Amino acid sequence: MATSRFLGFLESRKNLTGSAGGLLGLVLTFTGVAGPYWPVVVAGLYGAGALIAPPERPPLPDFPTPSAQLEGVRADFGKLGTYLTEVGLPASAAARLTELTDLLTALLDPGWAAELLSQDPEGVHVLSRTVRQDIPEAVDSFVRTRWWTRLAPGQEPPEKHLERQLTVLTEEAERLAATLRDTEARRQETHTRYLEERGN
């Protein structure tokens, strides 16, 4: 531990800047400028260099990149698919869910969409929240509420709430897809302008 601290000090900005000052002091000594006080000059220049050196910066935390996060969301989407196959849903809700999962599959599929999403942390967050939180919670709430509705009929059918939730989630995914499409369209337009301007 002490050795690593010592090595860390040797490589620190303060020591490197101080050493540069100390070397300057030695140069002054050899040229005769420092005179008999050369040890004080060398030590003083080393100390001054160490004082003016910029402080050490701690390394940034190594957080996963959006691409790595997208890989995790893709893996969790596979787990979600397994879970959804085990849940019996009414036909209307199942159709809405299929529409949503088809859209998510297209967004998460490796390819151009994934390339765009890897540059869009907010889009990755939206997908992550949809896959890991919103869909499981919506389906699980439906399953639990359906059981209670059988014990106390007469309430609003729980599948209506599920359909509304899935509709909102589908609209959110469609907005994300539209944003990605617009990004590609802007890139194409920019390239067109570049080619036209280059030709002039």
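Which helix holds Ser128? Ser128 sits in helix H7, residues 121-151.

This is a predicted model, in which local features need pLDDT of at least 70, side-chain atom pairs count only at pLDDT 80 or more, and totals for chains, interfaces and linings use all residues. Residues are numbered from 1 along each chain as its sequence is written, and side-chain values use heavy atoms, with hydrogens and water left out.

**View 1. Ser128 in helix H7.** Helices are DSSP runs (H or I, at least four residues), numbered from the N terminus. Ser128 has 15% relative accessibility, so it counts as buried. Buried means under 20% relative accessible area, exposed over 50%, and partly exposed in between (1.4 Å probe, protein chains only). Neighbours within four places in sequence aside, Ser128 is in contact with Val73 and Gln133. Contact means heavy atoms within 4.5 Å.

**View 2. The salt bridge of Arg74 and Glu71.** A salt bridge places a side-chain nitrogen of Lys or Arg within 4 Å of a carboxyl oxygen of Asp or Glu. The structure holds 8 salt bridges. Here the N to O distance is 2.6 Å. Both residues belong to helix H4 (residues 66-85) and lie 3 residues apart, about one turn of the helix. Arg74 counts as buried because its relative accessibility is 19%. Glu71, at 48%, counts as partly exposed.

View 3. Arg129 has a relative accessible area of 27%, so it is partly exposed. Arg144 is partly exposed at 42% relative accessibility. Glu137 is also partly exposed, with a relative accessible area of 45%. Elsewhere, salt bridges that share partners join Asp76, Lys79 and Arg132 into one network.

**View 4. The largest nonpolar core.** A nonpolar core is a set of buried Ala, Val, Leu, Ile, Met, Phe, Trp, Tyr and Cys residues joined through side-chain atoms within 4.5 Å. The largest one has 32 residues. Leu104, Leu107, Leu127, Ile135 and Leu162 touch the most other members. At least two residues come from each of H4, helix H5 (91-108), helix H6 (112-117), H7 and helix H8 (158-199). H7 supplies the largest share, 8 residues.

**View 5. Around Leu127.** Residues up to four places away in sequence are not counted. Leu127 touches Leu70, Val73, Leu104, Leu107, Leu108, Leu117 and Leu176.
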